[in-house]
Amino acid sequence: MKTKELVYAALFAALIAVLGLIPPLPLGFIPVPITAQTLGVMLAGCFLGKRMGALSLVVFIILIAIGLPVLTGGRGGLAVLVGPSAGYIFSWPVAAGLIGWYAEKIWPKVQTWKLLTVNLIFGVLLVNLIGASIMAGITNTPVWAGLAGALAFLPGDIIKAVIAAVITMQLKAFSPIEEKAQAR
């Protein structure tokens, strides 16, 4: 792995931590708050591609595990990784990798609506399906109740998916995916 790739992965892990500074919106009926950090997950996949996008989220999870307060609300530590938010957090590298895989595939003919679609499928639906299912198991509630509670995330997640697609298209020329496409 090149130094430049490691720097990109670290920068996106830092970006996601900065998004954690935006105060969470707690919901009374689900123990997981609404945060801006899933925007960073979608951006990592769209902008960095599959390998670096997933790596940036693995780095972020390592930062959480060693106790740095990088999650919204200043949370961090191993307890978070076994709590109600764990499924959401562990779905992030998978989501970023799948978003990045698709972004790389369509890059020569990339359009905003295509990135929006992949963000909705992997950055919204997949993250919420995994996160809500695991949250239900951890909180000992029915899966359907967890999934119903996760519906509250959809409006904000859809807005984040649009923002990630638009930002990626605006910064397309600077993306490592663009560099790979030009090298071919």
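Along the sequence, the elements of the protein follow the order α-β-β-α-α-α-α-α-α-α. The model is a predicted one, and the protein in it contains 8 helices and 2 strands.

The overall dimensions come next. A compact globule of 184 residues would have a radius of gyration near 16 Å, and the value for the protein agrees with this because it is 16 Å. The C-alpha trace spans about 50 × 35 × 25 Å along the principal axes. The table collects further values for the whole protein.

| Property of the protein | Value |
|---|---|
| Residues that count as buried | 48% of 184 residues |
| Share of contacts with a separation of 6 or more that join residues 24 or more positions apart | 73% |
| Accessible surface | about 8,800 Å² |
| Part of the accessible surface belonging to carbon and sulfur atoms | 74% |

Which residues of helix 1 are buried? They are Glu5, Tyr8, Ala9, Phe12, Ala13, Ile16, Ala17 and Leu19. An α-helix has 3.6 residues a turn, so residues three or four places apart point the same way. The cover over the buried residues of helix 1 includes helix 2 (37–48), helix 3 (50–65) and helix 8 (176–183).

Terms used: Residues are numbered from 1 along each chain as its sequence is written. This is a predicted model: local features need pLDDT of at least 70, side-chain atom pairs count only at pLDDT 80 or more; totals for chains, interfaces and linings use all residues. Side-chain values use heavy atoms; hydrogens and water are left out. Helices (H or I, at least four residues) and strands (E, at least two) are DSSP runs, numbered from the N terminus. The radius of gyration is taken over C-alpha atoms; the globule rule is 2.2 Å times the number of residues to the power 0.38. Buried means under 20% relative accessible area, exposed over 50%, partly exposed in between (1.4 Å probe, protein chains only). Contact means heavy atoms within 4.5 Å. Accessible areas come from the Shrake-Rupley method with a 1.4 Å probe; for residues, only the protein chains shown count as cover.
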